[in-house]
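Good morning, and thank you for coming.

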Amino acid sequence: MSLSGCTRIIAFAFFICLIFASAPVSAQKKDTIANKQVKLLDESQIPLLVTKIETYNFKIDRDKFLLQRSYDVSRIEKTLPDIIKKVKGFKLRFEKNGNNMNLRSLNSAVIILAEVEENLSANKATLTEYVTQLKKSNADLNKMLNDAELKCNVSDSTLKTQLSEILNDGNKLNKAERQILIKINLLSSRISVNLLQTKNLSSDMVYLSISKKIKMWSREEAPLFETKPGQYEASFFETVTKALERSGKIIIIFLGGKISVVVLSILIFCLLTSWMISNMRRVKKMDDAESILAQVNFLKRGVLVSSVFAFFTYVPFLFANPTMSLLHAFEVLRLGALCFLIFPFLTKQSKLIWFALLVLWVFYALDDILLDSAFGERWGLFIAGILLIVLGVKIIQNRSKLFVGLDPSPATKALAVFAIIQVLLSIIFNLTGRLSLAKIFGVSAVECLMLGITLKVFCTMVLEAIYLQTEAYQSSRFSDFINYKELQFRLQRYLWVIACLVFFVSFVRNITLYDVLTTATSNFFYETRSLGSYKFTFASIAIFICIIWLSSIISSFISFFFGHEKAVTGGKRSGLNSMMLLIRLAIWTIGFFIAVAAAGIPIDKLSIMLGALGVGIGFGLQNIVNNLVSGVIIAFERPIQIGDQIEIGTKSGIVKEIGVRSSKIHSAEGSDIIVPNGDLLSQHLINWTMQDRSKRVEFNISVPYETDIESTRKLIADKLAKNEHVLPIPKPLIILQDFGEYAITIRTLLWVADLTNAGEVRTEAMNDVKTVLTEAGIKLQVRPMS
């Protein structure tokens with residue numbers, strides 16, 4: 001055997017020995033690792049393990065429940081295909097006919113895409129929140145599954161089973177959470193892709209809309225008298241048919257994403273209709289129903305039709321930015337109700353004008369939704385413009401003879417002139433080939449006329465509805481609060497201000513500048529401005545003013561309902577005003593702090609302002625602050641209350657109102673005396689009615705010396721005892737007052753239940769005394785006859 005062979009044999013033997021020698025060591029290491037992984041718990045650790053098992057069981061059950069109920073994406077999965085279909089449809093239409101879309105079509109598409117973008121963003125935010133919650137839940141679950149104590153060795157078989165179930169349930173839950181997390185991530189990715197496409201598409205349409213607004217001032221087509229039918233692809237009838245089909249789809253798509261607004265608007269309609277029908281029924285049951293309804297014009301024609309008209313007048317403003325197709329649909333229904341309401345009030349000539357306006361409105365509304373231009377459209381715009389000018393001139397000439405039984409509006413002439421100017425611009429732009437501008441100003445002209453009539457009728461109907469409310473509930477405090485006679489002119493002024501704002505917004509929308517208006521308004525209110533180191537926005541100032549104004553309105557409302565008129569006129573003492581004063585102070589204080597918080601005014605700035613106010617108080621506002629604090633003291637101490645008969649200095653009267661700074665005293669002469677609250681506390685105050693309303697009155701009589709005094713006193717006492725207006729307790733007191741030079745003076749003192757009747761009772765008592773003494777032969781004497 002060679003040396004190399006012996007070496008190989010020795011090496012192999014050594015390797016075999018090494019394997020057998022390392023086997024026990026390896027087994028020992030495995031046992032050690034196993035013992036480390038599965039440790040044996042002693043008895044003291046069992047209660048802690050049981051508590052942990054209960055905690056983990058609760059977490060697994062809770063996460064299972066949340067997994068089944070809180071991460072439901074079925075709604076998103078159900079609506080996403082329709083959204084994707086809409087986005088694809090708009091994308092294909094834009095790629096195919098983008099350059100041919102007019103401003104109305106682009107605006108409608110941008111509005112609907114904005115709704116789609118809002119829905120996608122909301123869904124993405126929901127899914128992002130789901131992912132965050134699931135990741136946190138899954139991380140906690142993995143931490144629980146990796147807990148070494150769940151893999152410990154325990155002798156109790158029940159505990160072993162519970163540990164095994166926890167691990168099995170945890171692993172199953174972990175798998176389910178991962179599956180749902182993958183599903184939500186995939187859904188979120190699809191939404192992100194479509195959201196990006198929607199934003200890009202909307203941005204492209206906005207850019208194209210801006211481009212068209214710039215280009216529409218240039219000539220788009222040949223001048224009117226140079227046009228030929230062969231220059232247009234489709235006839236006017238075909239173009240209108242396609243436009244109507246497309247508008248119907250746009251309306252369905254838009255309303256489909258505004259279900260909540262539709263439901264809210266229907267609910268408002270039902271409530272207002274029920275309110276007006278209820279008032280009308282109550283009024284019709286009254287004896288003077290004919291005289292009341294004689295003051296009503298439109299609601300008397302039909303409450304339901306009036307409610308429908310009002311509904312389609314205000315409902316467009318419940319939608320943030322409706323499409324023009326939807327606005328025209330609302331206008332069709334509104335004008336139908338308006339025809340029914342105003343037809344009896346139109347003269348024979350104004351009926352022809354109204355019918356012609358309706359025909360022109362229908363033409364312009366159809367022309368407004370056209371996607372493509374047509375030969376008939378060009379000449380139709382020209383003829384319609386001429387007719388509209390003629391109608392405008394007729395309205396100006398006969399503006400005082402348009403209605404029967406209705407007051408003419410002072411804005412009729414201005415409205416007609418404004419419409420004529422727009423129609424002239426429409427004709428000029430049509431003649432020069434600027435079709436977009438011709439359509440915009442033509443539509444705006446007829447819309448302004450119709451909207452002016454609509455707002456006139458709507459404002460009148462609001463006043464009529466309030467009038468019926470006051471008449472239907474004449475005895476209620478709320479009816480007094482909205483008294484028609486007192487508030488008619490004020491309400492009319494406010495309604496016309498609102499009507500002017502509505503008219504302006506509608507005009508801006510008609511001339512396609514609504515986006516410019518909203519952007520400019522948003523920039524004006526929300527642009528950050530600085531005053532020194534303080535930064536603010538006009539929106540925060542407007543919010544502050546609105547909340548303070550609302551607080552004052554609520555305070556005035558409460559002041560009225562804890563009113564003082566009955567207390568003053570009825571002579572009854574009322575302690576409600578003190579409580580009302582405290583409530584009003586609380587409302588103003590709370591309103592101020594809410595306004596500060598809503599406006600975002602920093603507390604440190606507020607403290608500086610209050611410090612400056614304190615300096616002002618120290619220098620010049622002592623009296624005002626004194627009166628304010630005195631008002632609070634009066635509210636708590638109640639030395640006077642509404643209806644009290646008081647005297648302060650040389651002033652006397654009944655307390656009519658206790659205000660924050662001053663109080664009102666109604667004097668016997670009918671004047672109202674304004675007394676600062678500080679004077680009520682600092683001066684001597686006589687309150688005749690603090691305990692009760694009874695008052696002592698007195699009068700003197702003189703009788704000759706030869707008169708039997710006791711008989712006279714008895715006669716007076718008996719006569720006063722028969723007077724029901726004189727209180728028996730304390731009983732009247734008849735005493736000798738004085739021995740005069742020519743006669744004896746007898747003083748009579750008696751009590752009346754209510755001091756407001758004191759003068760009348762005193763007069764009645766003096767007359768009774770004179771009568772009974774005359775009948776007894778006792779003469780009244782002051783001095784001997786000359």
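Predicted model: local features only at pLDDT ≥ 70, side-chain atom pairs only at ≥ 80, totals over all residues.

How many of the residues of the protein chain, in percent, count as buried? Of its 786 residues, 40% do, where buried means under 20% relative accessible area with a 1.4 Å probe, protein chains only. Residues are numbered from 1 along each chain as its sequence is written, and side-chain values use heavy atoms, leaving out hydrogens and water.

The protein chain comprises 26 helices and 10 strands; these are DSSP runs, with at least four residues (H or I) for a helix and at least two (E) for a strand, numbered from the N terminus.

Three strands form an open sheet in the order S8-S10-S9, with antiparallel pairing; two strands pair if DSSP finds at least two bridges between them. At the edges are S8 (695-703) and S9 (733-739), each pairing on one side only. S8 and S10, residues 744-752, are joined in the antiparallel sense over 9 bridges. Within this sheet, Phe699 stands opposite Thr748 in S10.

Two helices pack on the sheet. Helix H25 (residues 709-721) touches S8, S9 and S10, contact meaning heavy atoms within 4.5 Å. Helix H26 (residues 758-775) touches S8 and S10.

Conventions: Axes fitted to C-alpha atoms, helices over the stretch in contact; angles between N-to-C directions. Buried < 20%, exposed > 50% of the residue type's maximum accessible area, 1.4 Å probe, protein only.
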